[in-house]
Every structure is written in C-alpha cells, then in structure tokens.
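The sequence and structure come first.

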Amino acid sequence: MTTPSRYWREIPQRYRLEANKCQSCGTVNFPPRLVCPECQKRDLVATKLAEKGKVISYTIIRVPPHQFIDQAPYAVGIVKLDDGVNLMAQIVDCDFEDLKVGMKVRIEFRKIFDEGEAGILCYGYKFVPD
Amino acid sequence: MRDVAVIGVGMTKWGELWEKSLRDIFVETALMAFDDASIDKVDSMYVGSMSSGLFVGQEHIASLLADYLGQANIPSTRVESACASGGLALRLGYLEVASGRSEVVLVGGIEKMTDVSGYEATYALGTAADQEYEGYHGMTFPGLYALIARAHMEKYGTTREQLAMVAVKNHHNGSKNPLAQFPFEITVDSVLNSVMVADPLRVLDCSPITDGAAAVILCPAEMAQKKDKPVVKIAGSGHATDTIALSSRKDITWLEAVYKATQQAYKEADKGPEDIDIIEVHDCFTIAEICVLEALGIVEKGKGGDAVEQGLTSLKGKIPVNTSGGLKAKGHPVGATGVAQAVEICKQLWEEAGERQVKKARVGLAQNMGGSGGSSVIHVLERA
C-alpha cells in the first residue's frame, strides 16, 4: 500500500533518478545505499542514473496486481543502463512483437499507476524505444 | 555438534481446504508426526509461515499453534524467509538438536492461503519481492520467473517445450501421490496451450495456491536408533541469501543463494552431487527447477533444460527430481513447502513412498527457495 509519506520519500529516486556512486570501487547504486554492496565501503557520493541502456530480459504481464488491472497486458523488463546499473521498469510505446533482448531503450518520466478516485497518482520512470 | 535424525513425519491431503482453519490443519499434521514418532510431547518447536498475517490476519502463530497442539509453555518460534520459511524452520530445529540444547523438536510449516481472494493472495506473495523497485512497476512473481526464463532461453537455448516437460514430469509423479493437490497427469500440449500469465510462462508452468501443512520430529541420532524405522540423519544443512531484487544480480539465470547453500550442505555432509539419489527442488515455476539443477551442480550451467528432456530427472531416471509431484502438482502452501520436501525425502529413504518409491535410495537432497532466489535452504538427508 502506498501512503503519502512512503510515496514522498521515494521521490528523489523515482522522479530525479538520484543514485550514488562508491568512491572506492566505482559501483553505481540505485536506489542510493548507505554501504556499497561490492566493497562494503561507505564513501558514497550522489550521482544521477544513466538514461539509456539495453534490454536484458522482458515479460508481458497478463495477470496483474490490482492497481494495474486497467493497464494489462503490459511489458516489464530489466535494462542494463550505460553506467552498469540494472533497472526494472515497464517498457512502453512499443508493440509487444517488436520487443527483443538487446533492444536500445531510454528512460522517460511517466505515470505508473493511480490508486483510484481518492488515492495518490503514482509517477516514476518507464522505458521507451531509443 | 551431534548427529540429528528424523523420527517421524506428518502430512495431510493438500488443496483448497475450506472446511479447515489454519490451526486445524497444523495440529492435525503435527499429531500425525507425533504418532509416526510415537511421542506425545516435544521440548520445543519451530513453525515456518510466510504470511499468516496477510493470509488469515493472524500473527503470533508460534504460541497459538503450540497451545492448540497441547504444548503450551514450550519455546515455540515462527520462522519467515518467504517461500523458504519451512526449510529455514527445519534448519533451526536441526541446529537446536545438534547443539544439545533440546532433545526432541517439532518442525512444522503451514500456510492457509484460500481464506483470501486471488488478488489478495497474489499481493501477499508479492511482498517477497522488492515492493519499492519491483512491485511498484507492476511486476509479479510469475513475471520475475518469466524474466529468468527468457534470459535462460536467450543465453543457453533452453526451449519452451523443455519448460513444459518439467511440469509434465512433476504431474506424472504427483499422480502417484494421494496427498497432492493435483494428482493427475498433464501433457506438453496442455501446458503449451494453457493461459499465458507472463510471457513465456503459462498457467501450467506455475505452482498453485494451496492450504496445507507438513511436520517432522527431530531428535539425536542415538535416540533414533531405538525406534523401529531405519535411521535417517540430517547429514548436512546450508543456508544463504542473495539480493532481494532480481535486477540487482549480475546474471539473472544463476541462483547464487542456492549454489552457496548447497556448497555448505555438501561440505557438512561430505557429499557431492554424484552422491545424491533423489532430490526435491523448489519448482515454484518450471524455469526454477531448471536453474536449480544447475546451481546444485547436478548438470552444468545452461544444461538444466536438456537434463529434463533427456529424462535424467524423471521418476525412473538417474536422479529422480520431485518424486512428490513438486510444488507444481503437490501444491505450494508456501510456509509448509520446505518441510514437506523433507517429509518426501524421509518417506523415500524409509521406503514408505508407495507407487512413486525410488529403489535403493540412500541419500536425498531438499532445496527450498524464497522469492526470486533471495534466500535458499538446502538439506542433505541420509539413511544410515
């Protein structure tokens, strides 16, 4: 369940793609972390995600969670971004038969789902063909 | 650390058990294990349950279940590691007896999943994934395993038919297990023509929603020698974790938690993949069984699909996998699954497996997994 505080505190990542980078080993972490998972150092500085990458794998969700019923079927994939981060999001503006592993995509800011008449409109990133 | 043995097991018919409550199912199953072990009390108990809170709105079930089992006042612990909760409960029970802290311990697993709607059950299961970075984007559990399946097909040439053969094999085995939720055969064609859930996975690639429980009784191996059953020891146990989000892994076709846990269990048991006679794996989706065979070292990376196609893992094959029917046919009450895998291995090693009995099985392995591979627990059991 999305509550206003839970939604609000994720905004830096979801709206502005804020990540952080380990000064010791160079790993980019998204979402930003307090400790580097690769080298366990804590010297991390703010950076922004690369906005382009290639699809590693994808699927078409036909039995969705209830917030996504109006959108199904829809494609979701994992994309390897140019900075090495693997990111999961929907792949849109693309016919399902044109989806393939290795295709180039870029990030755009979109509405992800809404919670009905009185709920939050939830925004974030999706992939589109590049 | 001393040797630990299983002296009794319990499992009732799994399925949509509308007439039975969570406590009814658990107590009935645990009492079967008590009777099998000829005991009427235990020193302590562990219960695997992924999400009794979301499925039946009841937390604190360790106390509830000890109470209704007539064991109020003993130490009772609930264990959660998503779908690996049961396997992890077994590991903790094993460590407690091995350490000498307790003599006789009950390990149970339970999930009562059909008191809620399909949507609510899907939501509850989805909480095993990263809610902020997977669930937020409309990802589902079949979807996560679909991503693994597509990557495996691209990288290794695994075919859609090979995925189907996993489900066909497990239903064949399940047809010989009267306790299975779906004890009937299916065909490759029926899998390939079933409803698409998350491309390329169809509904007959997926394990079902199930009510059920399983239980085992553990004690020191020395004590087990006084019983009339052959002694079945827990020869090795392993447990490891991996990133919660699938996308954080360097290779999404490789289950590192399974690999790490397996290496621990092999080392402790002084065994390798070549010593294993029978295996129960966590086939929550058909692709999972293929990836697990690779992580267990039964086949090389990328060869899991071929192994199934060539019959290596069938009931009459070299290493029968999921003789119980697996999660696919037997059912998948998530918290109970890891314990039920040990129940099946024990029945096989005791030669109590009926129509699906594998001849001369001495060493069995149980592989239980949480989420998209974010946790895994392995046990190697051996008939003395």
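The second largest pocket holds about 810 Å³ of space. Of the 31 residues that line this pocket, the closest to its centre are Glu38(A), Thr243(B), Ser247(B), Ser248(B) and Arg249(B). The model is predicted: local features need pLDDT of at least 70 and side-chain atom pairs count only at pLDDT 80 or more, while totals for chains, interfaces and linings use all residues. Residues are numbered from 1 along each chain as its sequence is written, chains are lettered from A and ligands numbered from 1 in the order in which they are written, and side-chain values use heavy atoms, with hydrogens and water left out.

**Second largest pocket**

- A pocket here is an open set of points, on a 1 Å grid over the protein atoms alone, where a 1.4 Å probe fits, with protein on both sides within 12 Å along at least five of seven lines; lining residues have an atom within 4 Å of a point.
- Volumes are the space filled by probe spheres set on the points, which are joined across faces, edges and corners.
- Two or more lining residues come from each of β2 (28–29) and β6 (86–91) of chain A, where strands are DSSP runs (E, at least two residues) and helices are runs of H or I with at least four, numbered from the N terminus.
- Strand β6(A) supplies the largest share of this lining, three residues.
- The lining has 13 nonpolar, eight polar and ten charged residues; Ala, Val, Leu, Ile, Met, Phe, Trp, Tyr, Cys and Pro count as nonpolar, Asp, Glu, Lys and Arg as charged, and the others, Gly among them, as polar.

**Largest pocket**

- The largest pocket has about 1,100 Å³ of space.
- Its lining numbers 50 residues, and Thr122(B), Leu125(B), Thr140(B), Phe141(B) and Pro142(B) are the closest to the centre.
- Elements giving two or more residues to this lining are α1 (4–9) of chain A and, from chain B, α5 (118–126), α6 (141–156) and β10 (363–370).
- Helix α5(B) gives the most, with six residues.
- By class, 30 of the lining residues are nonpolar, 15 polar and five charged.

**Cavities**

- Three cavities of 30 Å³ or more are found in the whole structure; in a cavity the probe fits but cannot get out.
- The largest cavity has a volume of about 40 Å³, and its lining includes Met11(B), Asn177(B), Leu179(B) and Ser324(B).
- Helix α14 (residues 334–349) of chain B gives the most to the lining of this cavity, four residues.
- Four nonpolar, two polar and four charged residues make up the lining of the largest cavity.

**Domains of chain A**

- An automatic or database domain assignment divides chain A into domain 1 (1–49) and domain 2 (50–130).
- The C-alpha centres of the two domains lie 20 Å apart.
- Their contact (heavy atoms within 4.5 Å) takes twelve residues from domain 1 and 16 residues from domain 2.

**Cysteines**

- With a disulfide taken as a pair of cysteine sulfur atoms within 2.5 Å, the count over all chains is zero.
- Cys36(A) is in no disulfide, and the nearest cysteine sulfur, in Cys25(A), is 3.6 Å away.
- Cys36(A) is buried, at a relative accessible area of 1%.
- Cys206(B) is also buried, at 11%, and its sulfur lies 9.2 Å from the closest cysteine sulfur, in Cys284(B), too far for a bond.

Key. Buried means under 20% relative accessible area, exposed over 50%, partly exposed in between (1.4 Å probe, protein chains only).
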